[in-house]
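Dear colleague,

Please find below the structure that I am handing over to you. My notes on what was found in it follow directly after.

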Amino acid sequence: MQIDNIPFGVTDWSAIAPSEHPGESGMALWRTCQFGNIRVRMVEYSAGYVADHWCRKGHILLCLEGELLTELADGRRFMLTPGLSYQVSDEGEPHRSSTRTGARLFIVD
């Protein structure tokens, strides 16, 4: 990732209107900022959220609250709790996430 031409700034995430993204079940609320070619999101998954697709986009993802189960296409599964993160490259391992209890995440991609 190359970070160029982004002046110093402070983001008030509570002031950014969320967009709704339904899953196979449950809902994701995204608060999104775009800084050049870098997308930064604060994402909240409702309890019972299950992604409706296998994602191939690269991310750096930090779990802030709740529990997030991320499954890879090869069958491996990882449980993220507050303070745990994962990283995956564009076109790397296909992955999808779900949560029983809900989760709040900070994601850079």
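In these notes a residue is called buried under 20% relative accessible area, exposed over 50%, and partly exposed in between, with a 1.4 Å probe and protein chains only. By that scale Cys-33 is buried, because its relative accessibility is 14%.

Two remarks on the source apply throughout. The model is predicted, so local features need pLDDT of at least 70 and side-chain atom pairs count only at pLDDT 80 or more, while totals for chains, interfaces and linings use all residues. Residues are numbered from 1 along each chain as its sequence is written, and side-chain values use heavy atoms, with hydrogens and water left out.

Overall architecture

The chain has 0 helices and 10 strands, where helices (H or I, at least four residues) and strands (E, at least two) are DSSP runs numbered from the N terminus. The order of elements from the N terminus is accordingly β-β-β-β-β-β-β-β-β-β. The radius of gyration is 14 Å, close to the 13 Å that the globule rule gives for 109 residues, so the chain is as compact as a globular protein of that length; the radius is taken over C-alpha atoms, and the rule is 2.2 Å times the number of residues to the power 0.38. Along the principal axes, the C-alpha atoms fill a box of roughly 40 × 30 × 25 Å.

Of the 109 residues, 34% count as buried. The accessible surface is about 6,700 Å², and 54% of it belongs to carbon and sulfur atoms; areas come from the Shrake-Rupley method with a 1.4 Å probe, and for residues only the protein chains shown count as cover. Among contacts (heavy atoms within 4.5 Å) with a separation of 6 or more, 58% join residues 24 or more positions apart.

The largest pocket

The largest pocket holds about 330 Å³ of space. A pocket here is an open set of points on a 1 Å grid over the protein atoms alone, where a 1.4 Å probe fits, with protein on both sides within 12 Å along at least five of seven lines; lining residues have an atom within 4 Å of a point. Of the 21 lining residues, Trp-30, Arg-41, Tyr-45, His-53 and Cys-55 are the closest to the centre. Strands S1 (19-22), S2 (27-35), S3 (38-45), S5 (59-66) and S9 (95-99) each give two or more residues to the lining, and S3 provides the largest share, with 4 residues. By type, the lining divides into 11 nonpolar, 5 polar and 5 charged residues.

Individual residues

Cys-33 lies in strand S2. Leaving aside neighbours within four places in sequence, Cys-33 is in contact with Thr-11, Trp-13, Ile-16, Ile-38, Arg-39 and Val-40. Its C-alpha atom is separated by 11 Å from that of Ala-15, 18 residues apart along the chain.

Leu-62, in strand S5, is partly exposed at 31% relative accessible area.

Most residues other than glycine have a negative phi. Which phi values do Asn-5 and Glu-91 have? Asn-5, in the segment before S1, has a positive phi near 55 degrees and is exposed at 80% relative accessibility. Glu-91, in the loop between strand S8 (85-88) and S9, has a positive phi of about 60 degrees and is exposed at 56%.

With kind regards

Note on methods
Grid points are joined across faces, edges and corners, and a volume is the space filled by probe spheres set on the points. Ala, Val, Leu, Ile, Met, Phe, Trp, Tyr, Cys and Pro count as nonpolar, Asp, Glu, Lys and Arg as charged, and the others, Gly among them, as polar.
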